[in-house]
Structure formats: structure tokens, C-alpha cells
Amino acid sequence: MLAQYRDLLGARHLDVGPGTAWFLKHTRSGSRVDITLMDLNPNSLETASARIASLHPKTITADVLEELPGSVAVYDSIGVNYLFHCLPGTWDDKGAALDHLAPHLDDDGVLFGSTILGSGVEHNALGRRLMRFYNRVGIFHNSDDDVAGLQRALEARFREVRVDVVGRVAMFSARGATA
Ligand SMILES: C[S@@+](CC[C@H](N)C(=O)[O-])C[C@H]1O[C@@H](n2cnc3c(N)ncnc32)[C@H](O)[C@@H]1O
């Protein structure tokens, strides 16, 4: 995942669901990157901003499943790392996030990320327990998330799509928004 950040981070980057900004911190982009963090949770934005304070990130409090505020600009890269397994619903519902983000990607830009799959992969005993617990309490919503659904959701909105399954995680990138 860090390699993906290092390879694909653009000059104007939007990170959706940055968590603690661990990947942005360790990407070592220097100050050449203009970073915007978007999250529905202001506490995450505060923690993430503090961690990469030297990069002077902008922040936007917004739910990626809702229409996005006017302060969302156009970006060379959009990161959605470990976001989709937290979003509720089926891949059709989660696809709303892609509908909202795609118009904010520059023509040459790339959307990238990864997500933990819940269907079509074999979790080990501990993984199965964690998945059950996280889905039961609503931290994860990925019991039915399979790689084919992710691929379809991306291909419905982007011309160039790459999806690789690594263990129980789908890593993906997409270019050329069709809408
Ligand atoms: C598992 S964390 C991912 C952290 C980080 N991207 C990483 O890879 O380490 C998921 C993040 O997505 C945010 N999030 C969850 N649902 C969201 C939504 N509907 N809109 C925006 N952010 C959301 C959470 O607040 C959290 O910061």
C-alpha cells in the first residue's frame, strides 16, 4: 500500500478517509504535494492533519456517500485507502462514492486505494472472528464485498482499471473517468 502511495501520489492529492494519515506521512512526498484530507469524522481530520502538519493539508468534513461540498477541487490523485470496507451497503451503494469523486479527478489523474474483501477470499480463524465482530458492530460493512463487484463498480466509471488481490485485500487504481 505504501508503494502504491509512493507510485501514484500526484501533485494535487485528495485523501478520502485518511484515518491517521500513516501512509501520507510515510510516503515522504516532501512539500511539493498539495494535500486535501476529506473525512466525515472531524476527529480523524484533526489527527491526520496534525500528523502531516508540515505538508499544510487542507481539510474537508464530508460524507463521501453524499453530494460533495463546493470546496472539493480537481486533483491529480485521489486516495481511498481502506475506505470501501467501512462504507455501508452493496457495491452499488458504495459506488456512489465513486460517482461523487470521479468528476474531481483530472483527465490524467488516478484514483487508487485498497479494501479488505469479505467474500470470495479465505480469512483465517482470527480474521473470520474479527470480520464477524467488526461487521456486527458496524465498523466494517464488507461481508458481501467481492472482487468482481469492486471491478464492476470501477469499470462502470473509469476507462482504465487495475485490480489485484493480495491476500484478502483488493488493491486498485483507475484512470479516465467516463462521466
Ligand atoms: C479504516 S480507516 C482508513 C484509514 C487510512 N486511509 C489508512 O489506510 O490507514 C477509514 C476512514 O474512512 C473514514 N470514513 C468512513 N466512512 C466515511 C464516509 N462515508 N465518508 C468519508 N470518510 C469516511 C473514517 O472516518 C476513517 O478515517
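Trainee: Is Arg175 buried, exposed or partly exposed, and how do you know that?

Mentor: Arg175 has a relative accessibility of 30%. Buried means under 20% relative accessible area and exposed over 50%, with partly exposed in between (1.4 Å probe, protein chains only). The 30% of Arg175 falls in between, so Arg175 is partly exposed. Keep in mind that this is a predicted model, where local features need pLDDT of at least 70 and side-chain atom pairs count only at pLDDT 80 or more, while totals for chains, interfaces and linings use all residues. Residues are numbered from 1 along each chain as its sequence is written, and side-chain values use heavy atoms, leaving out hydrogens and water.

Trainee: What makes Glu160 and Arg175 a salt bridge?

Mentor: Their side chains come to 3.9 Å, N to O. A salt bridge is a side-chain nitrogen of Lys or Arg within 4 Å of a carboxyl oxygen of Asp or Glu, so 3.9 Å qualifies. The two sit in distant parts of the chain, 15 residues apart: Glu160 in strand S6 and Arg175 in strand S7 (residues 169-177). The names come from DSSP runs numbered from the N terminus: helices are H or I with at least four residues, strands are E with at least two.

Trainee: How many salt bridges does the structure hold?

Mentor: Eight. Another of them pairs Asp99 with Arg157, whose closest N and O atoms are 2.6 Å apart.

Trainee: Why can we say that this pair ties parts of the chain together?

Mentor: Asp99 is in helix H4 (residues 91-101) and Arg157 is in the loop between helix H6 (147-155) and strand S6 (158-166), so the bridge joins parts that are 58 residues apart in sequence.

Trainee: Are Asp99 and Arg157 buried or exposed, or something in between?

Mentor: They get separate labels. Asp99, at 41%, counts as partly exposed, whereas Arg157, at 16%, is under the 20% limit and is therefore buried.

Trainee: And what about Arg12 and Asp106?

Mentor: Those side chains meet in a salt bridge at 3.3 Å, N to O. This pair lies 94 residues apart, with Arg12 in strand S1 (residues 12-16) and Asp106 in strand S5 (residues 105-116). Arg12, at 32%, is partly exposed, and so is Asp106, at 25%.

Trainee: Let's go inside. Which residues have the most contacts in the largest nonpolar core?

Mentor: They are Val16, Ile78, Val80, Leu101, Leu111 and Leu154, in a core of 31 residues. H4 gives this core its largest share, four residues. Such a core is a set of buried Ala, Val, Leu, Ile, Met, Phe, Trp, Tyr and Cys residues joined through side-chain atoms within 4.5 Å.

Trainee: What is Leu111 in contact with, leaving aside its neighbours within four places in sequence?

Mentor: Contact means heavy atoms within 4.5 Å. Among the partners of Leu111 are Ile78, Val80, Leu98, Leu154 and Phe172. Apart from this core lies another, of 14 residues, among them Leu9, Val33, Leu45 and Ala48.

Trainee: Which residues of the largest pocket's lining are closest to its centre?

Mentor: The largest pocket has a volume of about 540 Å³. Of its 27 lining residues, Gly17, Gly19, Asp39, Tyr82 and Leu83 are closest to the centre. Helix H2 (22-27) is one of the elements giving two or more residues to the lining, and H2 gives the most, with three.

Trainee: What makes it a pocket, and what is its volume?

Mentor: On a 1 Å grid over the protein atoms alone, a cavity is a set of points where a 1.4 Å probe fits but cannot get out; a pocket is an open set with protein on both sides within 12 Å along at least five of seven lines, and lining residues have an atom within 4 Å of a point. Points are joined across faces, edges and corners, and the volume is the space filled by probe spheres set on them.
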